[in-house]
Amino acid sequence: MLDKPASAMRLRERLLDSERLMDETGCYDGITELSLRNQDPLKFETLHTKLRAYCVSAREMARRISASPGVREVGEMVVAIYTPEGDAIALSNGIMVHVHTMSRFIKWMIKNGYEDNPRIREGDIFANNDAFIGTVQVPDVMDVVPIFYEGTLVGWAGAVCHELEAGGITPGGDVCLAQERFTEGLFVCAEKIGENDEIRRDYVIRCERNLRMPIYWVLDEKAKVASCIDMRESVKQLISEIGLDCWMQVSKEFIEEGRRAQLARTRQLTVPGIYRGHTFYGHVTAGKPGFQPLGDPDWLYNIPIEMEIGTDGKITMDFEGTQPWGYHSMNCTPAGMDGGMFVTLTQHMNFEGLVNDGAWMATELKLPHGTWTNPDNEMVATATSWALLLPAYGVFQRLLSRSFVARGYVEEAFVGQVNSPMIEMGGESQYGTPFGMAHFECAAAGSGALAIKDGLDTAYVGWNPESDMGNIEVWEQSMPMVYIGRSIVPNSGGAGKYRGGCSFVSTWLINKTSHLRLHTSEHSSRVFDNGGMCGGYPAPTCQKHRAVRNSNIHELAAKGEPLAHAPGTDPHVSDYERNIAGDHVVVEGPYITAPHKEGDIFSHSYNGGGGYGDVLERDPVKTAWDVENGFLTREAADQVFGIVLKDDAEGYPLADIDATVKRRAAMRKERLAKAIPVADWIAAERGRIEKADFAPEVRKMYASAIKLSSRFTRDFSDFWNVDARSIFTPGAKP
Amino acid sequence: MTSYSKEIIRDLASGQLPWPQTRRIMSAYKDDDRFFKMVAVYQDRVAWNDPILLPVSDHLFICQSGDERITRCECGHSFGDYRKNWKLKAAIHVRNTEETLREIYPNSDLPDPEWMEIREFICPQCGTLHEVEAAAPGYPIVHDFEPDLEGFYRDWLGKPLQP
Ligand SMILES: [Zn+2]
């Protein structure tokens, strides 16, 4: 039995009642009047600011307990305070994607009878990393503690850290080789892991015996519990000052205010209507070791999104037409999809005012059952669901940005996030001990362009607005590799009037180990998984991996000869191949190979963002600066941007404005000469459609979308004036 | 209430406003009179007289043209009824070979043209590149935006459009 719930009603009934009130009144928990806010708006704001301060300081304190460079350096953590029913009232900065996933976790426990067994008592600690209960992926381990005030449950404090090692089939956090739930790593399924503010010894032992690098996970647990206790005590102190009745009322008004503010902001910043966009994700694993033959080794998924903004200010996002779930790690649960929506909203619309679950309540996600956005099978793997989330919410950002441009708020338009592929590793460390970790420098990708300026270079990632790549020296302490290069990738931002932000590439020398497993996750292959906007091009995100086994780098270094510190700008021959002898490896798509050993070289590049506007309008002076600083090659400046550069007296690139104007006029003419009317193109393509003359993966993609979605089938058939069903799914029942 | 001069909005739209000032605008409460000021800035930019009702891309506007509402390029070219997808009246250049993709991505690893093509939607009159789609071959052209123009003017701007 729960110890004295806030009302006479049991928590489960209270939660259902709260949902009923929302349905009936349209307002959170039936709060139709913001009476405390109206009585004293200043006090209202002050109280919320206090709650936010509790969260921010609890997170900062906890980051200093953690041992993980992911949490300490990169800030892969978030904390929040919830109502007894599990709705977020206030949150910290950090990986805000999890504020709403934790809400789902709390509600799941309430709905599943946790009041009776295992019971919810003061001092209890509950943990979860099961995405079907409420998180994104296994490494996102969340802890919550109930907040009791004089015996009454008055809320919850929660914290999430992204773990660098999850004990799955491949080392690291994002277990790229997981093809089913059973290979994703150590699951903690809404489990009571502690009592009386203490984590149970048997739980710690389970972690120690099932993880490759338990120190990260276990110390992160301690950090999270410390932050929860800190927030809990702060909230109790606050209640002792303002009274329990005031707390119970004001915490709900904060959420209702958040909901209303989100609707108002949509009406203020956007234009109502229907917005559409899409992106794609490609996966190439044929012939790679370790993959079980459970599904197609190579596949292409479409991610179409239709966003509707109603005149009431509600935003609805519909993923109809996307692909079924598969035997791979890139599926996502509704909790993860919710989280992606939440973190995107916090960046684009909720940058002021009360940020909490109210914003999420002013939106709706339509996730077709059975697709990789909402699998109808809870055995599927979701270990790398960011592979879906980042491209999908990049589309959402472009759709929202179209509405900002239409409304005149051009400074808010942003071409959006891209996938930021990760490196996972494990084996024997440089200290001769077993180890495993994820490298988190990926949290500093290039962003999409803005409608008024270039994107951010190496300073943005969708899941954490507080982007940080961490210090090289700290990463080197944690892994048996040393950096021999970390540099900007020229042309990695999509071209446009404003270019996308550029990404970087790292090159490592494997050091002091005879067994290092390196894998990459969330890496799209054969297609760009992002787009440009208003004439901007997508960023080139199909990078291959380049490695050198048995390299002669130590001999070169001994002789003082030049090494290679980056792949270079020749897509056909890398600088590694030019300067370093050894067995050269080029891998398309996820990097999964036999272990590396000392003396090998490995490189990995991250993604830039899409461009905005017509490339022929780009500022030639900025372009000269880009070339000088390695963000753009001369070749691209000339051939893509139409900018003629000459050298100044000291050999630096200088834009020749007159020659550029002439060259661009010629390029515009050339463009028109090459282009044909869209109607002619459609007529010409139609024959190819009728014959389904596509690569097998493309045909399969259409067949799957047609089987799952009557709308996709209708739209496809109408557009091409064909019967899509008979072309792609002959013999199937309509 | 926050409000900026038309000159500031003009410079903001053209990317000419100094960054510290832009940054202050981004951080401040939004100026609620922005929409009509921005429309006025665009109206000054175009050589034609049809009143602009809504910007829909960097150089595309929905405007009132006699009894019709059409999508018009900054150069004046009409893409027809605004409720129809303007892309269907555009010129297109598709990059679906390694050679043509290489023109845009000279130093990068390329997508597989069998899996993805780049479609450029171009104004047939002035050659402006209005939109780029990266899509699998055979994927229907996307209708990016169907604004609820009436609802917007009536419910959000409080200035219903004349029928
Ligand atoms: Zn034009």
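This is a predicted model: local features need pLDDT of at least 70, side-chain atom pairs count only at pLDDT 80 or more; totals for chains, interfaces and linings use all residues.
Are E256(A) and R259(A) buried or exposed?

Residues are numbered from 1 along each chain as its sequence is written, and chains are lettered from A in the order in which they are written. Local features need pLDDT of at least 70 and side-chain atom pairs pLDDT 80 or more, while totals for chains use all residues, and side-chain values rest on heavy atoms, without hydrogens and water.

Stop 1: Select E256(A) and R259(A): both are buried (under 20% relative accessible area; exposed is over 50%, partly exposed in between, with a 1.4 Å probe and protein chains only). They form a salt bridge, with the closest N and O atoms 2.9 Å apart (a side-chain nitrogen of Lys or Arg within 4 Å of a carboxyl oxygen of Asp or Glu). The two sit three residues apart in α9 (residues 244–269), about one helical turn. Helices (H or I, at least four residues) and strands (E, at least two) are DSSP runs, numbered from the N terminus.

**Stop 2: a loop-to-loop pair.** Now pick E617(A) and K497(A), whose salt bridge has its closest N and O atoms 3.6 Å apart. E617(A) is in the loop between β19 and α16, and K497(A) in the loop between β14 and β15, so the pair ties together parts 120 residues apart in sequence. E617(A) is partly exposed at 25%, whereas K497(A) is buried at 12%.

Stop 3: Finish with D17(A) and R20(A), which meet in a salt bridge at 2.5 Å, N to O. D17(A) is buried at 17%; R20(A) is partly exposed at 37%.
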